[in-house]
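Here's a quick walk through a two-chain model. Have a look at it first, and then we'll go through the pieces.

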Amino acid sequence: MAAPPRHSSMMSTSNAGTLQSSTTDRQQAPQQLPTPQPTQGLRVPSNRKTIYDRHLNRSRNAESSRASFAYLFGEMVTYAQRRVTGIQDLEKRLNEQGYPLGLRLLDLLFYRSTSTSSSALSSSSTSSSPPNRPLRIITLLHLIHGPLWRLLFQRSADALEHSVSPDTPNEYMITDNDPLVNTYISVPREMNMLNCAAFVAGIIEGVCDGCGFEAKVSAHNQPTEMWPSRTVFLVRFGDSVMEREKVLERNGVK
Amino acid sequence: MSTTKASRIGEEIWKTRIDKVNAELVTLTYGTIVAQLCQDYDSDYQQVNQQLDKMGYNIGMRLIEDFLAKSGVGRCANFRDTADMIAKVGFKIFLNVAPTVTNWASDNNQFSLIFDENPLADFVELPDDGRAQDELWFSNILCGVLRGALEMVQMQIEAHFVSDVLRGDDTTEMRVSLVRYIEDEMPPEEE
């Protein structure tokens, strides 16, 4: 924090030229600022409708139609299907499309969890506690099961379990009884192993990796009589994560 | 039918008959689609535009059914009515936005849709590669949707974007032209 942020120094250089000009000029000056040099950088609209000027929470409670999601997701799967050789390949592709979303959603989640908690606290402390990045597996999984699911699907996931087998202590299961992504997908019988929620598995994987928990996540059909499209997301953490987990456990880190 | 009446219908259906999801889920899903296409076509943005249009066409052909079922509206009297129906009912019930219909050509066969809000483009910044802002129409899927949907109700149209805030333009504008009304044809006889 010793060096001044780059932006502020850039701003002051650009402003220097307008300092001596008249008031009217100065009012117009800020509009000139974002205009990029030709052939360099991105152009932005003069009315500043860019992602940097709009509030990140603007679309937080915005709604769209479920149909639009279904159409888009359906096209995404159909398109992916034409370029793959089998079910596993297709799931891998859907997973890869979800992964970058997870990385980005993570930041959005933290950003939003701070802005709500700081407003809940006293408004005078502008520098309220920094967002709690999960350090332990359980905290991370709760983040996925709760806030992430609510952001995407407006409800929490239905279950969170730890593998009971002593051979696989690194495996955790998140269950969704009726995943939205599968609601409008009808899988042909010869592909009955396919679960298009692989897309969501990719999102989860992105969140885990983004938090520094290397993991592989896959989606599996586990239908019950009551929930025919019940899906279990199997989260398998890497060895390094498990080792760190032990150290943190010993040191009593929560 | 007047624009205000169409707006009222759109609002009413949106409030009472539409299953909703978080808008960001739609935005993000669309974003991954475009990102994937850019990757698959090695940033050949012309091809990406084309593929998006194709996907939209597929969606439009199915979406019209849904639109008619949910809206229960009848045949439009003329292309001006059609424009209002698209902007104030169609866009409203599927994307919860209502673009402005404007810039009519003198023969009433061509208009513009101006998108004040475009949920597909939230969170989006085009790649800074010196080409995307000149070549990629990020929301091009919408052109295909209109083409597909209107073809199913006997209207052949052509739609393309002429400006986009993502490209640094001040507005996002789509131009829609009526090519012809498709005459009813007997289905080809099966051999």
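What follows covers confidence, the contact between the chains, a sheet and a helix pair.

This is a predicted model, where local features need pLDDT of at least 70, side-chain atom pairs count only at pLDDT 80 or more, and totals for chains, interfaces and linings use all residues. Residues are numbered from 1 along each chain as its sequence is written, with chains lettered from A and ligands numbered from 1 in the order in which they are written.

**Confidence in chain A**

A contact here means C-beta atoms, placed from the backbone, within 7 Å.

| Stretch of chain A | pLDDT | Contacts beyond near neighbours in sequence |
|---|---|---|
| residues 1-34 | below 50 | eight contacts |
| residues 117-128 | below 50 | three contacts |

**Where the chains meet**

Chain A puts 31 residues into the contact and chain B puts in 39. On the chain A side, S1 (63-65), H3 (66-81), H4 (87-120) and H5 (137-153) each supply at least two residues. Helices (H or I, at least four residues) and strands (E, at least two) are DSSP runs, numbered from the N terminus. H3(A) gives the largest share, ten residues.

There's strand pairing between the chains too: S1(A) runs antiparallel to S1 (residues 20-22) of chain B, joined by three bridges. Strands count as paired if DSSP finds at least two bridges between them. Ser64(A) has Val21(B) as its bridge partner.

**The sheet in chain A**

Four strands of chain A make an open, antiparallel sheet in the order S2-S3-S5-S4. S2 (159-162) and S4 (215-221) are at the edges with a single partner strand each, so one side of each has no neighbour in the sheet. Neighbouring strands are turned by 20° on average, direction ignored. Inside the sheet, six bridges link S3 (residues 171-176) to S5 (residues 231-237), and Tyr172(A) pairs with Val235(A). H5(A) packs on this sheet, touching S2, S3 and S5 of chain A, and its direction makes about 15° with that of S3(A).

**A helix pair in chain B**

H3 (residues 45-71) and H4 (residues 79-95) of chain B pack at about 100°, with axes 11 Å apart. Axes are lines fitted to C-alpha atoms, for helices over the stretch in contact, and angles run from 0 to 180 degrees between N-to-C directions. That makes H3(B) roughly perpendicular to H4(B), a label for angles of 65 to 115 degrees. Leu63(B) and Phe67(B) are among the H3(B) residues in this contact, with Ile93(B) and Phe94(B) among those from H4(B).

Technical notes:
Two residues are in contact if their C-beta atoms, placed from the backbone, lie within 7 Å. pLDDT is the predictor's confidence in each residue, from 0 to 100. Angles under 35 degrees count as roughly parallel, over 145 as roughly antiparallel, 65 to 115 as roughly perpendicular and the rest as oblique.
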